[in-house]
Amino acid sequence: MGARLGGSGATLLELLLVLLVSVWCAGAKEQAAAQWMGSTNPFDTADAAVSLWRNSDGGPERSLSEEESGTEDAGDDSIVPGSCGTEDVEEHEGSLETTICFLLCVFVICTFLDWLNSWAPARFRLPLSVVMFISGTVIGLVFIDLIGESGLGYGVDNLVVGVNNAAWFAPHALFYIVLPPLLYESSSNMSWHVLSKVLPSSVILAGPGVLVNTLFTSIFVRWVMLVGDEAPSWEVSILLSAILSATDPVAVVAALKDLGAPEKLSTLVDGESLVNDGSAVVVTYVALDWVADAPASEKYCPTSPPEIPCVLAYFLQVAGGGTLIGLFSGFLLYHWLGIVRSHHSASLETTSVLAVVYGTFFFAEAMDTSGVLATVFLGIAVSFAVRPQMSHEGRHALHTILEQICYVCNQIVFFVAGVITVRFMWRQTGCSHDFRHGRAWGELAGLYVALHVSRAAMIAIFSPILQRLGYGISLKEFIFLVYGGLRGAIALVMGLVILENEYVQPEVKQMLAFHISGIVLLTLFINGLTVDN
């Protein structure tokens, strides 16, 4: 008994070490991306690296328009007329105390709501992801929009500061800390027998399908929406469409788990959402280069519009490189577990897998490839060949620990997504796209419909091919593929990346942020609640 407790304690200490390394690497990634993103000294102190909810200057960074105009913040929620894109600049402490207070609030609220939701009748029970997102949105509205910086006293001010800082969540922190275990759990739990049948269909939907969906959606954005008083350019339309055309792996995986969908259907939808990172990220970053008026040396493809050979080379680097790194990591893990198994230590096997999961993601991102695809194909390799190398005790220990880690990560990612949505839709004012403008809401409703129509058209175009691959698709599965394509935290992170880019016009930033957060809100709230019907 004592030995088992000692092994568990060692595992917990090693997991804590992994998380600390994750924090450090997230800060390093922010610093490496600072020049291209336009951030000012991100994570330049140890305290800033611990507190991932703030920028290093003590609060959210000033926008370019505010720096040029010399506008000073008055310490309230006032906005200078015509200063589109100007955000309130609060002097947050950003201390470890406020961060821990916020995280404690997340865990307490989410755990209580999950327990409360479990008592509801099955037909009225909400998906966990939707519950977390709604609770984050409500908390964000209360603490950011209503209370703001006035505080409540009675020891609650730390929580107020923590929630406000969470609205300026560092984008890469989400990728580096929360995403790897969620991606690995989903991809490694897929049955290889089923996955081998549906993987070609998933690749078609995630590759050419995303491109076609982006094209259809960008036509709607170009001809229906406005940026200020003018129609958005084609590059802005493509940028918004690329972010919203790809389904979100975290949101889709969470919804499928709550629904208990059939294995064939869940693997197809899950596989599409997991592997669409290659095409979606390439189109998004190429379009962002096209939109941003940045020096050519800071772009992936320096020409405007980008040249096709450059785009294809970048796609091969991101998608192909990430896939190869994931498979090679699986090869290394296979042989390492063969050595470790002789020690009869479930803790050592579990920690080895977790270290490889995070290490694969970090290394892939450091090589400018897709960390998402690398982690996904590592999980597929584990499902296909690596898992038998683990002992029965090791597999059981990994399943238990990984399930708890993913439960906590899901709480964090959807709760923070709700808080960020409040910032995008209710916080930013002075532009033509915020909660006060009826046209913005009308455009959002039209975009929500257009995304479903374009996705249905895309699936219909590829349906003759999909019918001949694997198990084929029925009419019911066709409808689920259209309606079950949720958007979530990953799209919001891309919105944060755009907001940090100083070369994008403030009016364009706000239009993109409003519609990204609005679509996440609508798909999680409407589709997430009714998809089981």
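Trainee: Which residues does Thr 214 touch, not counting residues up to four places away in sequence?
Mentor: Thr 214 touches Ile 238, Ser 241, Ala 242, Ser 245 and Val 283; contact means heavy atoms within 4.5 Å. Keep in mind this is a predicted model, where local features need pLDDT of at least 70, side-chain atom pairs count only at pLDDT 80 or more, and totals for chains, interfaces and linings use all residues. Residues are numbered from 1 along each chain as its sequence is written, and side-chain values use heavy atoms, with hydrogens and water left out.

Trainee: Is Thr 214 buried or exposed?
Mentor: Thr 214 counts as buried because its relative accessibility is 5%. Buried means under 20% relative accessible area, exposed over 50%, partly exposed in between (1.4 Å probe, protein chains only).

Trainee: Which helix is Thr 214 in?
Mentor: Thr 214 sits in H10, residues 208–224. Helices (H or I, at least four residues) and strands (E, at least two) are DSSP runs, numbered from the N terminus.

Trainee: And how do H9 and H10 cross?
Mentor: The axes of H9 (residues 192–206) and H10 come within 3 Å and cross at roughly 30°. That makes H9 roughly parallel to H10. Axes are lines fitted to C-alpha atoms, for helices over the stretch in contact, and angles run from 0 to 180 degrees between N-to-C directions. Angles under 35 degrees count as roughly parallel, over 145 as roughly antiparallel, 65 to 115 as roughly perpendicular and the rest as oblique.

Trainee: Which residues make that H9 contact with H10?
Mentor: From H9 come Val 203, Ile 204, Leu 205 and Ala 206, and from H10 Pro 208, Gly 209 and Val 210.

Trainee: Switching topic, how are H19 and H20 packed?
Mentor: H19 (residues 438–468) and H20 (residues 475–483) pack at about 140°, with axes 9 Å apart, so the two are oblique to each other. His 452, Arg 455, Ala 456, Ile 459 and Ala 460 in H19 meet Phe 478, Leu 481, Val 482 and Tyr 483 in H20.

Trainee: What about the largest nonpolar core?
Mentor: That core has 81 residues, and Leu 240 and Leu 512 have the most contacts inside it. A nonpolar core is a set of buried Ala, Val, Leu, Ile, Met, Phe, Trp, Tyr and Cys residues joined through side-chain atoms within 4.5 Å. Its largest share, 16 residues, comes from H18 (residues 392–427).

Trainee: How many helices and strands in the chain?
Mentor: There are 22 helices and 0 strands. Of the chain's 533 residues, 57% count as buried.
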